[in-house]
Amino acid sequence: MARVLTPQAEDFPRWYQDVINKAELADNGPVRGTMVIRPTGYAIWERMQSEMDDRIKLAGAQNAYFPLFIPESYLKREAQHVEGFSPELAVVTHAGGKDLDEPIVVRPTSETVIGEFMAKWVQSYRDLPLLLNQWANVVRWELRPRVFLRTSEFLWQEGHTAHASEADARAYARRILHEAYQDLMVNVLAMPVIVGRKTAAERFAGATGTYTLEAMMRDGKALQMGTSHELGQNFAKAFGIEFTGDSGSREHAWTTSWGTSTRMVGGLIMCHGDDSGLRVPPRLAPIQAHVMVVKSGDAVPETAAKLRDALRDAGVRVGFDDRTDTPFGRRAVDAELKGYPIRVEVGPRDLAAGNVVLARRSTGGKTPVPVDKAVDEIQTALAADQQALYDQALAFREARTVDVTTAADAVEAAATGFARIPWSTLGTAGEAELNKQAVTVRCLVRADGSVPDSEDEPDLTAYVARSY
């Protein structure tokens, strides 16, 4: 295949931008920091959205929608929150031909406006837990934008819940972390993630605890794929989210928030992509098998159409390309760039022998298979390739993760991957030293790999890396 992308080893950021352009995933928007998501990219986001939405609903949350515009006074009620978001806020001061009496913030996140309405809707412990999720766009003014990874406007889901006890809130924040987020990323996106707790320096503004999922990209940097936050009673006290307990006393609720965004698309590109373009895991792929007519010949278009229909009937998401007026090589390159898991090539020469050719994106290479066995072979290959992508990503991460004992060694290791260091050795002073070198503690985990309840627990390990 002719070179159409900058090789990863030569210039990883340029490779990333090349993939976005050549695979027709997105374009830069007319306002700096915004993006236009093209149909190919949006189809991937829709699949992520659908899979995530199913998991969120299984966890008991219901979808709702809240306003894009938030009174500035709402944000000021929770001091840490407004301080944390202040540099990123977009504020409307003029509308309808006149100055506004109160500035309006374009939502950077919705804890404040949702907290206002939770206070209206929650009266008794019988109203709890209140489990809400919103699919929306948010605006955080980005000084160094990068498509899908950091844009001034992006798409996401944000969950917000209120509970009668701290224990219930913590359990739910963890449930979303594992049953929705980790399950999606591991079993659909085929991305191994380190699940842990953020340090106090890295936690969400206004939260009492932040849980995170961190993935390694092909350049060794970390990408935060999603977060789930315990908010304690901070927002409940700021917005008056109170309820009458079963003993008759008035109490403040305990709240959580959690979110994932179109950043997952960027993570997918950088975790699985290679020098030929995207590699989309079969369970996620909008098109799992792309049936292509190589060139016209006896029974070729008819066989290709029948195979397309048989695959569709078997539950496979199918693409179909019979544009024989466009050179096959060009069409094959396009399919490679877009990461279709399997190309099914139907041409007169192979068909004369009773075969079609399967080209598998994750492993490379082509295999002729009998037409009457193609559907079964494709389904088997899709399952194998889903696992293969996960295994490759995990092996890559493990090969680039090293154990260190000093902050200096952690900085050195972070040039090519992750470092593991005892949190008791590093501590907040060491974390501050890392930050001066643009290296951060991505998360803390227990010795057994589980998520700690506090950064003060003994024997915690810190994962350290450069990040996006």
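**Strand pairings and overall dimensions of a predicted protein model**

**View 1. Strand S18 (residues 355-360) is mostly covered, with 5 of its 6 residues buried.** Buried denotes under 20% relative accessible area, exposed over 50%, and partly exposed the range in between (1.4 Å probe, protein chains only). The model is predicted: local features need pLDDT of at least 70 and side-chain atom pairs count only at pLDDT 80 or more, whereas totals for chains, interfaces and linings use all residues. Residues are numbered from 1 along each chain as its sequence is written, and side-chain values use heavy atoms, with hydrogens and water left out. Strands (E, at least two residues) and helices (H or I, at least four) are DSSP runs numbered from the N terminus.

**View 2. Strand S17 (residues 342-346) runs antiparallel to S18 and is joined to it by 4 bridges.** Two strands are taken as paired if DSSP finds at least two bridges between them. Within this pairing, Ile342 has Arg360 of S18 as its bridge partner.

**View 3. S18 is also joined to strand S19 (residues 366-370), in the antiparallel sense, by 5 bridges.** Ala359 stands opposite Lys366 in S19. The hairpin of S18 and S19 has 5 residues between the strands, and Gly364 takes a positive phi near 80 degrees there.

View 4. Leu130 has Ala162 in S8 as its bridge partner. In a regular strand, side chains alternate between the two faces of the sheet.

**View 5. S8 is joined by 8 bridges to strand S14 (residues 254-261), and the two run antiparallel.** In S14, Thr260 stands opposite Gln157.

**View 6. The protein chain that holds these strands has 14 helices and 23 strands.** For 468 residues, a compact globule would have a radius of gyration near 23 Å, and the 25 Å of the protein chain agrees with this; the radius is taken over C-alpha atoms, and the globule rule is 2.2 Å times the number of residues to the power 0.38. The C-alpha trace spans about 80 × 55 × 50 Å along its principal axes. Buried residues account for 54% of the 468 residues. Among contacts (heavy atoms within 4.5 Å) between residues at least 6 apart in sequence, 68% join residues at least 24 apart.
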